[in-house]
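Please open the model in the viewer and keep the selection tool at hand. The stops below are given in the order in which they may be selected.

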Amino acid sequence: MARPLRLEYEGAVYHVTSRGNERAAIFRDDRDRARFLEVLGSVVSGARWILHAYCLMGNHYHLLLETPLGNLSRGMQRLNGRYTQWFNFRYRRSGHLLQGRYKAILVEKEAHLLELCRYVVLNPVRAGMVENVSQWPWSNYRATGGSSAAPAWLEVNWTLSQFSSRRGNARRMYRQFVSEGKGARSPMKQLRGQIYLGGEKFLKEVDSRLKGRRLADIPAAQRQPWIENVRKIKEAVARVYGRTPAELSRRRGGDDKVAAIFLAREMTGLSGSVIGREFGVTAAQVGNVVRSVREGKRKRLARAIEGLRRQIDAAL
């Protein structure tokens with residue numbers, strides 16, 4: 001297997017989604033959504049992202065953004081981590097709120113960004129939560145369309161400039177554009193390799209930005225982090241516990257092996273069978289390890305794992 005790449009570079013455009021663990025609600029009321037937007041605004045400003053669109057649903061959210069500094073992972077870690085901490089404090093709960101790793105689709109800006117701006121805000125309509133997109137206050141639609149003030153961290157100028165140089169006309173045309181999209185074919189139907197939304201020229205440009213590695217060498221499942229990262233996680237945990245990676249594969253269920261398996265599953269999203277092969281266990285055993293930590297059966301170890309996660313995420 002070719003060594004997969006982390007698809008991050010300066011100026012990349014992404015459609016990002018993140019879901020609740022086991023599809024559980026991540027927003028229980030409007031106070032939760034308001035707090036999430038506070039955190040989002042802070043992260044967007046701090047990471048210097050360009051946020052074009054967002055939509056908060058019940059058990060997931062959508063973001064449409066550019067990363068001038070090529071720092072998607074670091075920003076997402078802050079966003080999901082800070083919101084989870086607040087959510088857990090509010091509801092007196094512990095553990096993970098969001099499911100494994102977020103999904104990030106790399107987008108060809110010129111061909112697909114505008115259509116995605118419409119697609120994102122129409123999510124509540126497609127889900128049957130409201131009849132009209134203007135009825136949902138937890139997306140950028142009202143701010144971009146001019147019926148409410150846009151926060152400083154939301155980029156509306158690019159979207160409106162696609163319609164007219166006159167702000168009033170642009171807003172009216174944007175609202176019409178969104179309205180006409182209710183029955184439109186989903187842009188996700190054009191997804192390639194599960195993580196690319198763009199044409200051949202775009203894929204070649206991505207190839208050149210990623211230091212010349214051929215996109216043909218990258219497996220289709222690259223929407224997930226990869227086996228190389230599993231090995232890096234194993235190496236990092238082994239160092240902390242004073243062991244070798246080979247020892248982690250041979251040993252039975254010590255804290256070191258449990259921590260490494262849990263982090264590999266949580267931080268990469270690879271299947272239990274793939275991770276199991278790296279640690280000499282079955283997919284079922286991987287599942288048992290993950291559940292034991294998530295369900296609070298190893299509270300002391302869980303605290304150590306959080307510290308390891310922060311160290312490893314910065315290194316991957």
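Select Tyr102 and display its surroundings: leaving aside residues up to four places away in sequence, Tyr102 touches Glu8, Val16, Thr17, Ser18, Leu72, Ser73 and Met76, a contact being heavy atoms within 4.5 Å. The model is predicted: local features need pLDDT of at least 70 and side-chain atom pairs pLDDT 80 or more, while totals for chains, interfaces and linings use all residues. Residues are numbered from 1 along each chain as its sequence is written, and side-chain values use heavy atoms, with hydrogens and water left out.

Tyr102 lies in the loop between helix H2 (72-91) and strand E4 (103-107); helices (H or I, at least four residues) and strands (E, at least two) are DSSP runs numbered from the N terminus. Its relative accessible area of 9% makes Tyr102 buried (under 20%; exposed is over 50%, partly exposed in between; 1.4 Å probe, protein chains only).

Move to strand E2 (residues 50-56). Six of its seven residues are buried, so E2 is largely enclosed by the rest of the structure. Then select strand E3 (residues 60-67), which runs antiparallel to E2 and is joined to it by six bridges. A hairpin of three residues links E2 to E3, and Leu56 stands opposite Tyr61 in E3.

Finally, select Asn140, in the loop between helix H4 (123-126) and helix H5 (141-145). Is Asn140 buried or exposed? Asn140 counts as buried because its relative accessibility is 2%. Beyond residues up to four places away in sequence, Asn140 touches His52, Ala53, Tyr54, Val121, Leu154 and Tyr174.

Technical notes
Pairing = 2+ DSSP bridges.
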